[in-house]
Every structure is written in C-alpha cells, then in structure tokens.
Amino acid sequence: MKKLWIAVSAFFIILCPSLEGNAFAKERQADELVLALTKEPRLGFDPTVGLDGAGNGFIYSTLLSLNEKMEITYDLAEEYQVSEDKLKWEFKIRDDARFTDGHKVTAHDVANSFQLAKSRGEIKSLEGLKRVQVIDDYTVQFLFERPLSSFVYSVASIGILSSESYGKGNEREPVGSGPYQLVKWNKGEEAVFVRNDGYYGHQPFFRRIKVLFVSEDEAYAMAKEGRADLVQSTGVYAGDKVAGMETLVLDRAGNRGLSLVTIPAGASLNGAVAGNDVTADPAIRQAIQAGVDREKIVEKVLNGYGQASLSAASGLPWSQSAKAGENKDMAEELLRIGGWADSDNDGILEKKGIKAIFPIAFPFDDSIYKAMALELKEQLADMGIQITIQESTWPEMKRSIQAGASLMKSESYNPFDIYYLYHSTNRGIGFGNPSLYGSEMVDAAIEKALLSGDYADWKKAEELALEDVPIVWLVTVPQVYFVKKELHIGNTIAPSSYPLSVLNGAQNWRLE
C-alpha cells in the first residue's frame, strides 16, 4: 500500500528549489508565506456559526487548546475548575489579552461569545448549556442542565469575539485576540492575514500569510511550479514526487461511514418520510459491516492514502481498538440466517416480498463521497444488495438521510460526537443520529461517559452502539499537504477538513 505516514510532531521536510520557486521567493519577504488551499470558509470568519466559520485558534483566542497529543492546554484561560457533577465550570482568564480593536479581553466577551454560539444552535456540543455568568472581569462560569464532561473540548474550539466590535461585518472583518488578524478577504480568491503584534502569547515568526483559494488541480500545479510554501492536496496526488517539497499525510479524525436507518418504513420525523424496511433489518446492516472490503476503498477511492476505520473516532484517544477486516463468508451466512435469499435468480436478495434495494444519499459537492458510493454499489451488488445513488444538496440531505442510507463523516476532536451520533434524543434533529437509532443501554452508557469524561467509558458507549450497526464506518480520509523544506510547522494538532484549520498552529511555524 502506498503510504507515507509522517507524525504530527515531526514536520521536517526536504527541498530542492526550482527556477520557478526561486523567482517566486524573490517576490516576497522572508517572513511572508503563501498557501494554496482547496477549501474556503463557507460561512466566513464568525466562530459562533459553527465549524465552517473559520478563525478559531489563529484569529480568535480560545479558552483552552489541544496539543499534538490531544492533551488539553491553556490559551486565554489561566486555570479552570469543574464541579464533581460536571454541571458547573469556572474559568479564570488572563488579564493581558487585547483584541485587535484595542479593547481588553474580559469575561464579558467570553460570556457573550458562548451565548451567541448557543443561540445560533449550530454548535451541537453546547446543548445543555443553561446560562453563562460573569463573576468578575476575568472570571466566567458556565452552568449546565446535565453533566457535560466533554465541555473541555468545546472551549478548545470556540473563538472569543469582541463584544464591542461584533455585528459590524464580523464574518468579513473579524476582531479577535489571536496571533493573526485578517486584513483582506476576496471571497473565492484569497485571504490575507498579518501578525497581531499585540498578541499575548508567543510572537509568530511570519509577519504575513497569504492564502489562495484554488481548485485541487490548481493547487497541485502551484506545488509543482514552486509558487506556494504549503499546498493542500488529496490522495490523488499524494504519491507524486514534487521537486522541492515533501508530502505530509496526516491521519487523525476524518472518518467516513455509511449510516443505515434502523427503523422500518412508515414513520415521519420533522415532516419528512422516515424509515426503511431493508436497512432496518439487522441482518442487512451486520452483513454490510462484515462484507465490505475497506482496504479496497482505501486503494481505489483514496489512492492508497488512508486507512480502514471501525469507529467515529479513529486516531483519537476515545476510538475503538478493533481492527477492520473483510469476511464475505460471514456476510453471506448472516444474510442466509436472516432470511434473505435470491429466489428468482435476478441477483438481488429478497425477504417476504421485499427486495434488498435501498438508496444511498450524499452531498453532491464531495468527490470522495461519490467515488465511495460507486465502489459500495459494486461491492454490495456482489452480496446481492442493490443501492441507488442519490447526489443531494444539503437541504435535500436532511430529508433523504431518514429514508434509507447516507454517506457521512465524523471529524470532531470532541467525544461529544459519540453522543450526537448514537443517543436516541438526537434522532431526526439536524444531522444528529442519522440512523434514527435508539437503545436504552447505549443511552445509559453515553450518559455515564458524559459524567465521567473517561476515555474508557466513551469507548464502551460506542462499542455497545456498534453492536447494532447503525453506522458502518469505512475509512479515515487523511489530510494531505505539500510543504517546502524551509518551512517547519512544528508540534501542532493535525488539521481537520474544516477550512483553514491548518493555520491553527501558525504562530509556531518558522523557517529553518
């Protein structure tokens, strides 16, 4: 298998400059960087609108942060305390932080930021937040309706806004207190960031970072021509040798799977048809889990860059440890015992007059999903299961995921995702619990983990859920970058697929 795994803590690379690269280097100063990225913040730079609102960690300070070992570290907060019942969290923030508009960062700004994020309802990990109280200018308290041990990860991902400046085009001209400030954004073209010289933390080496938003093919051309210092790519190009650059393949989160609706047809949720008689049969779900060749998906869809996955959290501390493997004989036996047979020899199994046919929906704007759907169609056909492919817009996805199957991803650095995916209270709410799964035993296990915060409890909760196979996890899709030799990225958390997440550790980048 064509793989080049490079640890997040060892981003050293080798460069042999091309003539184009030399010309490019002369056009800018040594403390300037040019990045070519393939994903732009769809919702701008407002951290309260959800994970597609970029800027957390480099434009905006966060109370806490994560290091490359997924350990919680301090950022704006200097200390925090949590009650034994996980219902009350109190943070003391530093008194030397200022926004780029000149105002000091206070507990009032922290409270306002979280209240805005809560009111918008897009950041699901804030569910259960009852209220935020300002104790004094530098102490803030969060009160919850139910235990939420995972809140420590939420505060590591939500940026703090300036109360004075918010609402004045903040998505385009954000005011934060992080190491960089956005000074220019031409949507669809570029964004320019400059160093925040008033930043309270380690001063970044690079004075200016220019990000060009380009297609995957254009990004690859820029790498080949030496016209960028860091280039986002995919497994399609990861095996190519680019003069003056080394390929970084970063595996963490980015897990993709197949959600299978677990209730029979005839139900209705949020005004939409729900349920599917084929996917509701445990034998179908268990057979797909056993019979899918994940390694073939890695090779054919990801060009060999990626790995088989059996968990929503592969690569994270609360992930399942089970190894993925294909067992077609087991799949065949599960279907036989479950009463599925091809009685009319048309190549499609049936049971009590119902054909093993169901739709698979996925977002139309994701080429990896489409390639996965086509590969699954071929593999499941060999098992006697026929799928119909539905490329959908996001509004259509909210309706179609309830009626059969859908391709989905989990890439949150937060164990709360386990609750969001499998707890019965999330059925039919947004994209939560897309399989409409419900189990009192699993709910109880998740609630135990929400109270304890113990990785073992989170693992056990997902392990119990996956015994019923509401989701067939398939592969981990890595983040692929070409990076020049002189650029040392340092020890930082691996970026996710969310726009600009690679910049979260930019204050630690330097030239060597």
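Student: Is G244 buried or exposed?
Tutor: G244 counts as buried, because its relative accessibility is 5%. Buried means under 20% relative accessible area, exposed over 50%, and partly exposed in between, with a 1.4 Å probe and protein chains only. This is a predicted model: local features need pLDDT of at least 70, side-chain atom pairs count only at pLDDT 80 or more, and totals for chains, interfaces and linings use all residues. Residues are numbered from 1 along each chain as its sequence is written, and side-chain values use heavy atoms, with hydrogens and water left out.

Student: Where does G244 sit?
Tutor: In the loop between helix 5 (235-238) and strand 12 (245-250). Helices (H or I, at least four residues) and strands (E, at least two) are DSSP runs, numbered from the N terminus.

Student: And how far apart are G244 and E225?
Tutor: In sequence, 19 residues; in space, 9.6 Å, C-alpha to C-alpha.

Student: Switching to N414. Which loop is that in?
Tutor: The one between strand 21 (405-410) and helix 11 (416-422). N414 counts as buried, since its relative accessibility is 5%.

Student: What is N414 in contact with?
Tutor: Leaving aside neighbours within four places in sequence, N414 is in contact with S125, S150, Y153, S154 and W318. Contact means heavy atoms within 4.5 Å.

Student: Helix packing next. At what angle do helix 7 and helix 9 pack?
Tutor: About 135 degrees, with the axes of helix 7 (residues 294-301) and helix 9 (residues 367-382) 10 Å apart. Axes are lines fitted to C-alpha atoms, for helices over the stretch in contact, and angles run from 0 to 180 degrees between N-to-C directions.
Tutor: Helix 7 and helix 9 are therefore oblique to each other. Angles under 35 degrees count as roughly parallel, over 145 as roughly antiparallel, 65 to 115 as roughly perpendicular, and the rest as oblique.

Student: Which residues meet there?
Tutor: From helix 7, K296, I297, K300 and V301; from helix 9, I368, A371, M372, E375, L376, E378 and Q379. The residues of this contact divide into six nonpolar, one polar and four charged. Ala, Val, Leu, Ile, Met, Phe, Trp, Tyr, Cys and Pro count as nonpolar, Asp, Glu, Lys and Arg as charged, and the others, Gly among them, as polar.

Student: Whole protein now. How many helices and strands?
Tutor: The protein has 13 helices and 25 strands.

Student: What share of the residues is buried?
Tutor: Of the 512 residues, 56% count as buried.

Student: And what box do the C-alpha atoms fill?
Tutor: Roughly 75 × 60 × 35 Å, taken along the principal axes.
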